[in-house]
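Please read each point with the sequence and structure at hand.

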Amino acid sequence: MAKYTRIEVATVMKETGMIPLFYHGDVELGKEVLKACYDGGARLMEFTSRGDFAFEIFGALNKYALAELPGMILGVGSVTDAAAASLYMQLGANFIVTPVLREDIALVCNRRKVLWSPGCGSLTEIAKAEELGCEIVKLFPGDIYGPQFIKGIKGPCPWTSIMPTGGVSTSEDNLKSWFDAGATCVGIGSQLISNEILNAKDFDGLREKVKQTLETIKAIRA
C-alpha cells in the first residue's frame, strides 16, 4: 500500500517543484541514483515503467527507500492501464503517472486515494481529469505545447495545477519559463539523470545537479 496520501504527495510536489524521472534495469544502480537524488534534496522520484520486469525493480527500489531514505516518495510513470496501476500500488507506489487520460486508471487510484497524474493535451482533457478527481495534471509532451499553453489554461482555470514533462531542462531560463507561466512543478528525466552520469556512475555529480536545480527552482518562485 501507498505510505503517503494523494494530498500529502500533491503537497510535496508543490513544495519542491520537481520530480526526477528515472528507469534502469540495474537495481543496485537504481539505489545509487535514488540516494544521490535524496541527498541532493529531492523527495520525489518517478520510476518510469518501460522495461521488462520493471515492477520487480520498482519493488526493490521502494523497499530500499522505505528502509533507508525517510520521506522519499516513490511513484511510477508510463502506466497505461488499470491493471498495471493496481500492480504497482500493491508494491507501494505512492503516485501513478500516465501518458494519456484513462478513466479506468482514475477509478483504481481513487479507490485507494493514491494520486494519479494523467497526460493531457487540451483544456477538455484537463477538465475531464479534474472531474475524475485529478489533483495535478501532467502536460505531455511538454516541449510540443510549451509554457504559453500553461499560461493560456491558467487564464480561465486558475485552479488547475499542471506539471510539464518532456522538454524541461535544468537551465535557469527553461525552468523560469515554465514556472512564470504557472507550472506547479516539473518532471525532468534525461536532462537531469543523463546517460553520461549513469555510464560514469557519477553519483556525486548527480547529487550536486539535483541540489542546484532545486535551488534554482526555489529562487525562481521566491
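Helices (H or I, at least four residues) and strands (E, at least two) are DSSP runs, numbered from the N terminus. The model is predicted, so that local features need pLDDT of at least 70 and side-chain atom pairs count only at pLDDT 80 or more, while totals for chains, interfaces and linings use all residues. Residues are numbered from 1 along each chain as its sequence is written, and side-chain values use heavy atoms, with hydrogens and water left out.

1. The largest pocket. It holds about 350 Å³ of space. A pocket here is an open set of points on a 1 Å grid over the protein atoms alone, where a 1.4 Å probe fits, with protein on both sides within 12 Å along at least five of seven lines; lining residues have an atom within 4 Å of a point. The volume is the space filled by probe spheres set on the points. Of the 20 lining residues, Leu-21, Thr-48, Arg-50, Gly-189 and Ser-190 are the closest to the centre of the pocket. At least two lining residues come from each of strand 1 (18–22), strand 2 (44–48) and strand 8 (186–188). By class, the lining comprises 8 nonpolar, 9 polar and 3 charged residues. (Ala, Val, Leu, Ile, Met, Phe, Trp, Tyr, Cys and Pro count as nonpolar, Asp, Glu, Lys and Arg as charged, and the others, Gly among them, as polar.)

2. Helix 2 and helix 3. The axes of helix 2 (residues 27–39) and helix 3 (residues 54–68) cross at roughly 40° and come within 10 Å. Helix 2 is therefore oblique to helix 3. (Axes are lines fitted to C-alpha atoms, for helices over the stretch in contact, and angles run from 0 to 180 degrees between N-to-C directions; under 35 degrees counts as roughly parallel, over 145 as roughly antiparallel, 65 to 115 as roughly perpendicular and the rest as oblique.) In the contact (heavy atoms within 4.5 Å), helix 2 contributes Val-27, Gly-30, Lys-31, Leu-34 and Lys-35, and helix 3 contributes Ile-57, Ala-60, Leu-61 and Tyr-64. These residues divide into 6 nonpolar, 1 polar and 2 charged.

3. Helix 1 and helix 11. Here the axes of helix 1 (residues 6–16) and helix 11 (residues 203–221) come within 9 Å, crossing at roughly 80°. The two helices are therefore roughly perpendicular to each other. Lys-14, Glu-15 and Thr-16 of helix 1 meet Leu-214, Ile-217 and Arg-221 of helix 11. This contact has 2 nonpolar, 1 polar and 3 charged residues.

4. Helix 8 and helix 9. Helix 8 (residues 147–154) packs against helix 9 (residues 172–181) at an angle of about 10°, with the axes 8 Å apart. The pair is therefore roughly parallel. Pro-147, Ile-150, Lys-151 and Lys-154 of helix 8 make the contact with Ser-177, Trp-178 and Ala-181 of helix 9.

5. Backbone points to inspect. Most residues other than glycine have a negative phi, and most peptide bonds are trans. The peptide bond from Phe-140 to Pro-141 is cis, with omega near -10°. Pro-141 is located in the loop between strand 6 (137–139) and helix 7 (142–145). Phe-53, although not a glycine, has a positive phi of about 60°; Phe-53 lies in the loop between strand 2 and helix 3.
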